[in-house]
Amino acid sequence: MTTLITILALLFAALFIVVTLTEKYGNRDPQQTAKLSRYILPLVALLVIAQVIKFAFFSD
């Protein structure tokens, strides 16, 4: 039970830090945001493929 509380506390702390930093430094122009957003879907697809390979071939 203490492990669960520790994990939840760390997640909330990380979320607080990310939200704070995003609000402070997240003001980007739409052109730069569009450039970054075109890399999101290929990276997510790559991550899904890597997880499937890991599950299929390296699970114990």
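This is a selection-by-selection tour of a predicted model of one protein chain.

Residues are numbered from 1 along each chain as its sequence is written. Local features need pLDDT of at least 70, side-chain atom pairs count only at pLDDT 80 or more, totals for chains, interfaces and linings use all residues, and side-chain values use heavy atoms, with hydrogens and water left out.

**Whole chain**

Select everything and colour by secondary structure. The protein chain has three helices and zero strands, in the order α-α-α from the N terminus. Helices (H or I, at least four residues) and strands (E, at least two) are DSSP runs, numbered from the N terminus.

The C-alpha trace spans about 45 × 35 × 10 Å along its principal axes. The radius of gyration of the protein chain is 17 Å, whereas a compact globule of 60 residues would have a value near 10 Å. That radius is taken over C-alpha atoms, and the globule rule is 2.2 Å times the number of residues to the power 0.38.

Show the surface next. The accessible surface comes to about 6,000 Å², with 74% of it belonging to carbon and sulfur atoms; areas come from the Shrake-Rupley method with a 1.4 Å probe, and for residues only the protein chains shown count as cover. Buried residues make up 0% of the 60 residues (buried is under 20% relative accessible area, exposed over 50%, partly exposed in between; 1.4 Å probe, protein chains only).

**Colour by confidence**

The mean pLDDT (the predictor's confidence in each residue, from 0 to 100) is 89, and 98% of the residues reach 70 or more.

**N-terminal end**

Select Met1, in the segment before α1. Met1 counts as exposed, at 73% relative accessibility.

Move to Leu4, in helix α1 (residues 2–25). Leu4 is partly exposed, with a relative accessible area of 46%.

Now select Met1, Leu4, Ile5, Ile7, Leu8, Leu11, Phe12, Leu15 and Val19, which make a nonpolar surface patch of about 930 Å². Patches are made of residues with over 30% relative accessible area and no salt bridge, joining like charges within 9 Å and nonpolar side chains (Val, Leu, Ile, Met, Phe, Trp, Tyr) within 5 Å; a salt bridge is a side-chain nitrogen of Lys or Arg within 4 Å of a carboxyl oxygen of Asp or Glu.

**Residues 36–57**

Finish with residues 36–57, which an unreviewed UniProt entry annotates as "transmembrane region". UniProt positions are given in the numbering used here, feature names are shortened, and annotations may be inferred rather than shown by experiment. The span is 91% helix and 0% strand, and its end C-alpha atoms lie 32 Å apart.
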